[in-house]
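Student: Could you take me slowly through one part of this model, namely how its helices pack against one another? I would like one connected account that I can follow with the structure open beside me.

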Amino acid sequence: MKISEVAKASELPISTIRYYEQIGIITDEYVLRDQNNYRIYAPGIIRHLNVVKHCLAVGFSIQEIKSMISKNGMSKDEHVSLIQNKIREIEAAQKKLEESKQNLYDILTLNCEKGFGKY
């Protein structure tokens, strides 16, 4: 696939794909060069980029993703641990949001019936 095809299929800008290649998010196994030295991407690149997008969406940093992708970056146990830690972070954030929501309901009940700050 050409870079424009990858960009369209992955819904990423070409500049992002080039950046990912430059920093090692897209590894050499996904990039070939044709006789004119143009990039040709392996079919698995779309799945790879979708995994990267999902990782970013749940809060992993580029550096964490890069480490997970690197063959020598992390062991399977380290991958599992990192993902479990991210799950715990998300659960803590959900709990905090739920508490904030409940506090807002309490404010509605206590303060808004008679006017703000009047009991």
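Tutor: In this predicted model, helix 1 passes helix 3 in a right-handed crossing. The residues that make this contact are Val6, Ala9 and Ser10 on the side of helix 1, and Ile45, Ile46, Leu49 and Lys53 on the side of helix 3. Sorted by class, the contact of helix 1 with helix 3 comprises 5 nonpolar residues, 1 polar residue and 1 charged residue. In general, two packed helices are described by the angle between their axes together with the distance between those axes. For this pair, the axes of helix 1 and helix 3 come within 10 Å and cross at roughly 45°, and helix 1 and helix 3 are therefore oblique to each other.

Helix 3, which spans residues 45-57, also has a contact with helix 4, residues 62-69, and here the two axes come within 10 Å and cross at roughly 140°. Helix 3 and helix 4 are therefore likewise described as oblique to each other, and helix 3 passes helix 4 in a right-handed crossing. In this contact His48, Val52, Cys55 and Leu56 of helix 3 meet Ile62, Ile65, Met68 and Ile69 of helix 4. By class, the residues of the contact of helix 3 with helix 4 are 7 nonpolar and 1 polar, with no charged residue.

After helix 2 comes glycine 24, whose phi is positive, near 95°.

To place these helices in the whole chain, the secondary structure comes to 5 helices and 2 strands, and the order along the sequence is α-α-β-β-α-α-α. Of the 119 residues in the chain, 24% are buried. The chain exposes about 8800 Å², of which carbon and sulfur atoms supply 55%. Finally, among contacts between residues at least 6 apart in sequence, 39% join residues at least 24 apart.

Definitions and conventions. Residues are numbered from 1 along each chain as its sequence is written. This is a predicted model: local features need pLDDT of at least 70, side-chain atom pairs count only at pLDDT 80 or more; totals for chains, interfaces and linings use all residues. Side-chain values use heavy atoms; hydrogens and water are left out. Axes are lines fitted to C-alpha atoms, for helices over the stretch in contact, and angles run from 0 to 180 degrees between N-to-C directions. Helices (H or I, at least four residues) and strands (E, at least two) are DSSP runs, numbered from the N terminus. Angles under 35 degrees count as roughly parallel, over 145 as roughly antiparallel, 65 to 115 as roughly perpendicular and the rest as oblique. A crossing is left-handed if the near helix is turned anticlockwise from the far one by less than a right angle, and right-handed if clockwise. Contact means heavy atoms within 4.5 Å. Ala, Val, Leu, Ile, Met, Phe, Trp, Tyr, Cys and Pro count as nonpolar, Asp, Glu, Lys and Arg as charged, and the others, Gly among them, as polar. Buried means under 20% relative accessible area, exposed over 50%, partly exposed in between (1.4 Å probe, protein chains only). Accessible areas come from the Shrake-Rupley method with a 1.4 Å probe; for residues, only the protein chains shown count as cover.
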